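Me: I am new to this structure. Please take me through it in short questions and answers.

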Amino acid sequence: MHSLPVSLGRKLTQQVPQERLDFHKWVARQLKRSGRLELRDPRGTKYLNFADIQNDAARIRDLLLREALPTGRTVVVIDLLLNSYDLLREPLLLYLGETAVELVGDHATSVVILLPGRAPGATSLLWDAWSDPDEPPEGPIVVIDQEGSVQTFGPGIRIAESFSRDYRRKASRLGFSVAEQLEGKLLRRLGHFDLGPRADGTAECSRYFFHADGCVTELAALLEAQLEPLMREDRGEPWGLVSCAPEESWMHEVCMLIADRHNLPYLTWPDVAVRKAPSKVAGRRLAFLFDVVRTGETARSILSTAMKWSNATVVLAFAAVGPRQTLKGLPPNMRFRIAERVSLHRASRPACDQCQLDLDFTPRDLAFDPHFQLRAYDMWEMLLDVDWTKEQYGPADAALLSETPDFDQVFDKYGSFVAFKYEELLRHLQGNEVVVVCPDEPAVQTLVSRLKVRFEERLVSVDIPRAVLNEVSKRKDSLNDLVALDVNEPWARQLRHLREHDERVVIIDEFNGSGSTAKSVVRLLEAAHVTVEVYVPVLDRKPDIDLGRVKTHPLYEIPSPR
Amino acid sequence: MVGQRARNLAKGSADSDRVLVPLGLSGTLNMTTTATTAVPYEASVCTLSGTLTVNRIEQILMAWRSATDDGESLLLDLRTTQFIEPVALLYLFATIVDRATTDKGTLLRLPERKRLRDFLRAWNFQGAVQAGTHFPLRQLVHPDDHHYFGETASYYTAGRDPDLIRYLASRRFFGLMTHDLSAGGGRILEREWSRWRSPLILQVLERHLRGPGRDVARVVIYELLANAIQHPGARSATVVSSVYGAVTEKGWQDTSFTVSVWDDGNGIVDTLRTALKAGGSVRATTGAPVDRFDVKPVGWNPTCLSYSSDWTPDRESSDAELLLASVFPGISQKPWRRDIPILTRPDGESRSEDVGHGLHALYRSVVDDFGGSVAFRTGRHFLNLKGGESPRSYRAKLARYVDWPLFRGNMVTVRVPIAHQD
């Protein structure tokens, strides 16, 4: 069988993880119950970037048909699940349909098309290729959408009744989970934020500020997951929502979204505490929504007031962000759910360190920082907040450091913020479709994962194994054999694609200690004739390295080489 | 004194009034002249009263044009306007931008009705005029109406617990959004398409439209913009939309979702005509299932009243026929364009001919999935596509307006019914 995953809106092919291949095999097995099903390695996704979809959508036909046409009975699985539904441009679907018809033309092939979201309606051009009743397809074409609903065309094919449910379950396990999406997208930004005066007049500063504009969908999904079982339990009892988030904030949008979806009244917590529930939500079971709960003081105060209402019942409190510690003193018999637990810090002036250091306030809105760098105060907080250990891996030709910050922990605790700083720079350089090259090492991979979420997976990484980089650093001669046409490693194939399409890359890394890794990556890319925009380590400990034509732009510099 | 006289002169009908442009107001959008004029000059008044639809504005402008000399300065008097349909606002905007780039003086009197001034604010009139003409709105507005700037809006604000539509309107989501195409058409397409993927607008569309709300970004917005950006010479594309506000023959109705895009490039008809004159065919592909169009002609005589989508126009075809054919699957000017990048494949094969499906996909979705209509206004022509009696058949009102003002660029409007009222 053939597995043909397609990635849209991306500038490079990417590796197909085994779990996805297993999933394709499972799908194919449902159609071809008996006989062998040997899976041909797709060797990366077929891809079209945004401009291709716009100007040359027919290209998908070439990409899919270029695979040697199979002989004998076989199944071809065309997987579009890696993409957002909105990228399925109609002309693209037209050519996809034509491709399917061509593939089944040999009377021995079945084609399965896996679509994201719900299948497009009857007027979609996808169905045009086989809509002529006088010319039905010569083999089975099966279209399955993300909800598991199946449509079959051409010669009959039997699908088990349990298929839809099983499909939905298996498909949902692929890719990033809602929790992983939230983790990447919910930005805990470091800086010096003016929280303004409190009710008692004292002014407050915060070390962190949360931005969740990009994850309204994920937060709404998490809230719904809490609400729906409760609403089902109640069997028809009316519900209402109370938003305790600032107006026009992302949590407020989550509230409006859920309210609209489920036809629930909602209101904003009144400025002045009231003894009874306002008429809009009177007689209802209530969910209280908070954006960021820090000490819990405000939440406690609001909830205790509301719990005393005689004409409404508080059942659930939901916060997008809350402290790692358990909140004390909350009213009993009430569920409190927090989507994302983080360490929080707040100080009232004049106790704030940053005020004492006379550091400017960070503007709240997410305008790009024109310098694309980290402040010293922020970098050092991150570095000092993690363990410093002996370096576990690094270039073979330089001493490993005896004490170095554990970047795995840095990216675990501050991953969304570091990813955000990279995102600023990458969008500035490459727009929404990005290609990065990095060493295939654990810490960087954590960072790249977060970045992929922030780019809705339209960022593709080329992960170079450490062994290859070590090999490069040993060699003084030509590296052509490492990047020759017959080298079938995924990264080598990716580099060939980059050269073919003349796409530029950004090199990212946790830190530059001796310049050795950077030089090896640059040499390798040069041998592969791939152009580098810039080398961007999080931390540069050897700022004077010479990478030839490649510029370095670290997020932070501390001259302290190996 | 000058201001008072201008006010006196501004009453009355559209075709004979002159107004003295007050001192200190240039009234011209030409940046090379001085910011203020030393000598007062006259502008001719065009009164736009009552409910403004695109049709009405065109009729009034036509009357104005026939009563004035070419190159005269125009004062658009909106003081007695009661409603402006959002697409009419786009038309007005297009008129202002057209006059700006052809160096014709234009002035505005703003509505007396507060709600309408708030509408202009919420629909981003000020931002769009600034972006489209590179000139602040203030310089176009009569000093007597300058209280507009700095006024507090009372309508179209979110309020304390708004519904989603009011919230989006207050954030100017539906307002005039002008995109500068020098940033690259592809980027603009992506930017506008992204806007319509946000969870809030998706929820509004999914809930209120008869068809699949999730297809608005994927098909409607995408194809509207993809079409606009590829017209030769297009420097900007402006989008306007609304949920609820629309006008039909019966008058003002609150029943649709409307989105309209205006680009200032060459007209669709001219573009195809150029390709035909160059000796080429405008048919890029064949083989699509055939759609039938029953034509209601206005102002021209067709050879027949029914066209099918596998018909290919040639040099003898009329402009109206070219406009209709532009939406057929496989009809495109792309094979004859030198400036659109044809991506060559690594295998050397270029596939420039597999094009021409965008507008086809658009009307299929809008008419068949959503039960709506698509209208095209360009040059002297107008086309409106609606559903027909049977599947794959459509009704096309196809008009040629000899006397009407030549509409610059292309305006494509999608109107889709709301499934239920709230």
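**A tour in questions**

Me: Is Phe372(A) buried or exposed?
Reply: This is a predicted model, where local features need pLDDT of at least 70, side-chain atom pairs count only at pLDDT 80 or more, and totals for chains, interfaces and linings use all residues. Residues are numbered from 1 along each chain as its sequence is written, chains are lettered from A and ligands numbered from 1 in the order in which they are written, and side-chain values use heavy atoms, with hydrogens and water left out. Buried means under 20% relative accessible area, exposed over 50%, and partly exposed in between, with a 1.4 Å probe and protein chains only. Phe372(A) has 9% relative accessibility, so Phe372(A) is buried.

Me: Where is Phe372(A), and what is its phi near?
Reply: Helices (H or I, at least four residues) and strands (E, at least two) are DSSP runs, numbered from the N terminus. Phe372(A) sits in the loop between α10 (353–356) and α11 (376–384) of chain A. Most residues other than glycine have a negative phi. Phe372(A) is a residue other than glycine with a positive phi, near 50 degrees.

Me: Is His134(B) buried or exposed?
Reply: His134(B) lies in the loop between α5 (125–133) and α6 (164–170) of chain B. Its phi is positive, near 60 degrees. Its relative accessibility is 58%, so His134(B) counts as exposed.

Me: Which residues does Thr99(A) touch, not counting residues up to four places away in sequence?
Reply: Thr99(A) is in helix α4 (residues 90–104) of chain A. Its relative accessibility is 0%, so it is buried. Contact means heavy atoms within 4.5 Å. On that basis Thr99(A) touches Arg61(A), Leu64(A) and Leu65(A).

Me: How far apart in space are Ser306(B) and Val295(B), C-alpha to C-alpha?
Reply: Ser306(B) belongs to strand β11 (residues 306–308) of chain B. With a relative accessible area of 34%, Ser306(B) is partly exposed. Beyond neighbours within four places in sequence, it is in contact with Arg292(B), Phe293(B) and Asp294(B). Ser306(B) and Val295(B) are eleven residues apart in sequence, and their C-alpha distance is 5.8 Å.

Me: What covers the buried residues of α1(A)?
Reply: Among the buried residues of α1(A) are Leu21(A), Phe23(A), Trp26(A) and Val27(A). Their helix has several elements over its buried residues, including β1 (2–8), β3 (74–79), β4 (109–114), β5 (141–144) and α5 (163–172) of chain A.

Me: Is α6(A) oblique or perpendicular to α7(A)?
Reply: Axes are lines fitted to C-alpha atoms, for helices over the stretch in contact, and angles run from 0 to 180 degrees between N-to-C directions. Angles under 35 degrees count as roughly parallel, over 145 as roughly antiparallel, 65 to 115 as roughly perpendicular and the rest as oblique. Helix α6 (residues 178–185) of chain A packs on helix α7 (residues 216–234) of chain A at about 135 degrees, with axes 9 Å apart. Therefore α6(A) and α7(A) are oblique.

Me: How are α14(A) and α16(A) set to each other?
Reply: Helix α14 (residues 466–474) of chain A and helix α16 (residues 516–527) of chain A have axes that come within 9 Å. They cross at roughly 85 degrees. So α14(A) and α16(A) are roughly perpendicular.

Me: Which residues of α2(B) meet α3(B)?
Reply: Helix α2 (residues 54–67) of chain B and helix α3 (residues 86–101) of chain B pack at about 35 degrees, with axes 8 Å apart. On the α3(B) side, the contact includes Val87(B), Tyr91(B) and Leu92(B). On the α2(B) side are Val54(B), Ile57(B), Glu58(B), Leu61(B) and Trp64(B).
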